[in-house]
Amino acid sequence: MNLALRLRPFVLPALLLILWQLAAMQAAPADRMPVPADVLATGWTLIASGELPLALLQSLQRVMLGFATSAALALVLGTAMAAYRPVGRNLDPIIESFRPIAPIALLPLAILWFGTGTPAAAFIVGYAAFFPMIVNTIHGVRSIDPGLIRAARTLGVGRLTILRTVVLPGALPNLFVGARLALGVAWTSIIAAELAVGAKAGGGASGGIGQMMFVFYAYSVDLSGIIVCMIGVGVVALLIDRGVRALEYWMIPWKR
Amino acid sequence: MEALDQAAPKIRLDGISKEYIVPRTGQRTLAIADVSLDIVQGEFLCIVGPSGCGKSTILNMIAGLAEPSAGTVAMDGAPIRAPGSERGVVFQDYALFPWKTVRENIEFGPRFRSDARLGAAERDKLVRHYIDLVSLTGAEHKYPHELSGGMRQRCAFARALANEPEVLLMDEPFAALDAQTRLILQEELLRIWGEDLPRAERKTVIFITHGIDEAVFLADRVAVMSNHPGRIKTVMDIDLPRPRRESLRATSEFQTLADEIWQLIRREAYEATIDRR
């Protein structure tokens, strides 16, 4: 590939950055309009001091904890719901009536039950991740070709083995769709959770990228800091998604 | 040809009927009415009949995937209630596991069945044997979507054989293939089944087909079915010599038998084509 072609994706972002810089230099009160040059400087400081990576890592740990717990639960429940009609019929109304309730609406309960640390944040994340995961698990298990299950039965394979050798791999592509959506909303809701938990604790107690943003807003109105956090969140989200996709590519070789 | 009626039946269909209730209207439909048939060890039986006569339903009942509304289906005298590894099935759409390679598909039964699973070494030997038998050597690490229709068919056939069933049930296995491939695979099927073996060592095969020529070429007996409800009209002996080769199709004996069967189902085949229910 030649250089011009390689640089093409960066042309538009670079232009927008220049426009932003010019516009910010024209605006009068500097504290209402962040300046790219300042954002860059702040970003460098936050990375060099280790504050930003540490906050992102803290949040990422909470996301993974919440996601892993709730994905495991969604996998078991979703499979049971799809495979056994009575289970599905009884659980579906409950799940569907909880689904529209925003994760952040559970914050008061989360704080009352778990305090303001990691468990509360992970609980919110797990709640958010649960729904895309279970909906896609049910869909994945239901959309398996019944002919494949019949084929396995005629080969004399037992029910539990069929679950492991036919249902699970058959549902895998949909499980990955669920995981990507779930990690997306999990990462979105960790910011909200930490922002709010931070508000209650008054800073310092729980950490994480959400709280870092809250501190910049509440104590110093540091716009550049907030922008740096936003960029950090975006980059990590992108890395998570690419990671899941790479895992998917590796685990589903028959779809390549 | 050895007499078919001397031995105890391998599979016995005794007065089986199948009734469906249409969920929306509650209307009862009799799909199969009072079918009785004995199939002996080592026999190659073809079932032909017009679309919708319940051929596949009969096969599913022998496989243990469906239950008759009345009557019994038995193997070696014991009623069939569920699928089992002693009855292998080759499905019309092959039903290969898309996430498994040719090799993994073929070893699926011996590896995962509930009883008498084989260890890795034994499995390897067995799978190699069947891959060679169906001429899939070199394709063992391909996924089903990378194979041609004929190769998929052979893979499905090998998967059923590798589980070493006593009875092989085949549901229009060549229907989705082009005419040339079908002719080649018919001869291959007879070779693999073991036309030169004594009857006691052959597998019992029940083969469903639309193709009258196919049935005459393959079978020891052809059961001709009629429609609405599905019944067995006649069972014809096909006294053509084995091993059978391509040239057999041009003989007058072959043509006479095929024509006889065609005359039996002709009127109903027309009805099924024109008056689709």
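Tutor: Burial first: a residue is buried under 20% relative accessible area, exposed over 50%, and partly exposed in between, using a 1.4 Å probe and protein chains only. This is a predicted model, in which local features need pLDDT of at least 70 and side-chain atom pairs count only at pLDDT 80 or more, while totals for chains, interfaces and linings use all residues. Residues are numbered from 1 along each chain as its sequence is written, chains are lettered from A and ligands numbered from 1 in the order written, and side-chain values use heavy atoms, with hydrogens and water left out.

Student: OK, Ala95(B) then. Buried or exposed?

Tutor: Ala95(B) counts as buried, because its relative accessibility is 4%. Its phi is positive, about 50 degrees, although Ala95(B) is not a glycine. It lies in the chain B loop between strand 6 (87-90) and helix 2 (102-106). Helices (H or I, at least four residues) and strands (E, at least two) are DSSP runs numbered from the N terminus.

Student: And what about Ala116(B), buried or exposed?

Tutor: Ala116(B) is exposed, since its relative accessible area is 56%. Phi of Ala116(B) is also positive in a residue other than glycine, near 55 degrees. You'll find Ala116(B) in the loop between helix 3 (108-112) and helix 4 (120-133) of chain B.

Student: Where's the cis peptide bond?

Tutor: Between Arg242(B) and Pro243(B), with omega about -5 degrees. Pro243(B) lies in the loop that runs between strand 10 (231-237) and helix 8 (252-274) of chain B.

Student: Zooming out, how many helices and strands does chain B have?

Tutor: Eight helices and 10 strands. The radius of gyration of chain B is 19 Å, close to the 19 Å that the globule rule gives for 277 residues, so chain B is as compact as a globular protein of that length. The radius is taken over C-alpha atoms, and the rule is 2.2 Å times the number of residues to the power 0.38. The C-alpha atoms of chain B fill a box of roughly 50 × 50 × 40 Å along the principal axes, and 53% of the 277 residues are buried.

Student: What about the positive and negative side chains?

Tutor: Chain A has 18 positive and 10 negative ones, with the centres of the two sets 16 Å apart. Chain B has 36 positive and 41 negative, and there the centres lie 5 Å apart. Lys and Arg count as positive, Asp and Glu as negative, and His and the chain ends are not counted. Each charge is placed at NZ of Lys, CZ of Arg, CG of Asp or CD of Glu.

Student: Now the inside. Which residues have the most contacts in the largest nonpolar core?

Tutor: Ile209(A), Ile11(B), Leu13(B), Ile62(B) and Ile206(B), in a core of 98 residues. Helix 8 (residues 159-201) of chain A gives the most to this core, with 16 residues. A core here is a set of buried Ala, Val, Leu, Ile, Met, Phe, Trp, Tyr and Cys residues joined through side-chain atoms within 4.5 Å. There is also a second, separate core of 51 residues, including Cys46(B) and Val134(B).

Student: What does Ile206(B) touch?

Tutor: Not counting residues up to four places away in sequence, Ile206(B) touches, among others, Ile11(B), Leu45(B), Ile62(B) and Met170(B). Contact means heavy atoms within 4.5 Å.

Student: Back to helix 8 of chain A. What is Thr165(A) in contact with?

Tutor: Leaving aside neighbours within four places in sequence, Thr165(A) is in contact with Trp99(B), Lys100(B), Phe108(B) and Phe112(B). Thr165(A) sits in helix 8 of chain A and is buried, at 5% relative accessible area.

Student: Last one: where is Asp14(B)?

Tutor: In strand 1 (residues 9-21) of chain B. Asp14(B) is partly exposed, with a relative accessible area of 43%. Its C-alpha is 6.7 Å from that of Val35(B), 21 residues apart along the chain.
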